[in-house]
Amino acid sequence: MEAFTRNAPDWTKTATHAFNFCCPHCEASSREAKKVWLNRYAPVTMENYQRKWQEFYLCECEQVWWAWSNERPSFKDNHN
């Protein structure tokens with residue numbers, strides 16, 4: 001499984017930062033991605049000592065995007 005490999009896959013190199021935790025091109029959710037890679041080996045520590053990391057997604061539309069893990073909508077928000 002590619003999601004948890006230590007080294008970034010080549011497809012992540014062209015990623016665009018998505019500010020709404022969805023594909024910035026077609027607005028598909030992260031659940032619709034063809035590939036996922038979580039950069040768990042380089043977390044960022046925030047002021048409150050919580051950690052966040054980059055999550056990379058290859059969308060069905062071929063757009064590669066990333067967002068911070070703490071920006072992910074909660075499961076409850078997606079299933080009302």
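These legends describe close-up views of a predicted model. Local features need pLDDT of at least 70, side-chain atom pairs count only at pLDDT 80 or more, and totals for chains, interfaces and linings use all residues. Residues are numbered from 1 along each chain as its sequence is written, and side-chain values use heavy atoms, with hydrogens and water left out.

**View 1. Four strands make an open, mixed sheet.** The strand order is β1-β6-β5-β2. β1 (16-17) and β2 (35-38) each have a single partner strand, so one side of each lacks a neighbour in the sheet. Strands are DSSP runs of E, at least two residues, numbered from the N terminus. Two strands pair if DSSP finds at least two bridges between them.

**View 2. β1 runs parallel to β6 (residues 64-68).** Two bridges join these strands. T16 has W65 as its bridge partner. H17 has W66.

**View 3. β5 (residues 54-58) pairs with β6 in the antiparallel sense.** Five bridges link the two strands. F56 stands opposite W66. Five residues lie between the strands of this hairpin, where E62 takes a positive phi near 80 degrees.

**View 4. β6 is mostly covered.** Five of its five residues are buried, meaning under 20% relative accessible area (1.4 Å probe, protein chains only). V64, W66 and W68 point one way. W65 and A67 point the other way. In a regular strand the side chains alternate between the two faces of the sheet.

**View 5. A42 sits in the loop between β2 and β3 (44-45).** A42 counts as partly exposed because its relative accessibility is 42%; that class lies between buried, under 20%, and exposed, over 50%. The C-alpha atoms of A42 and F4 are separated by 12 Å. Along the chain, these residues are 38 residues apart.
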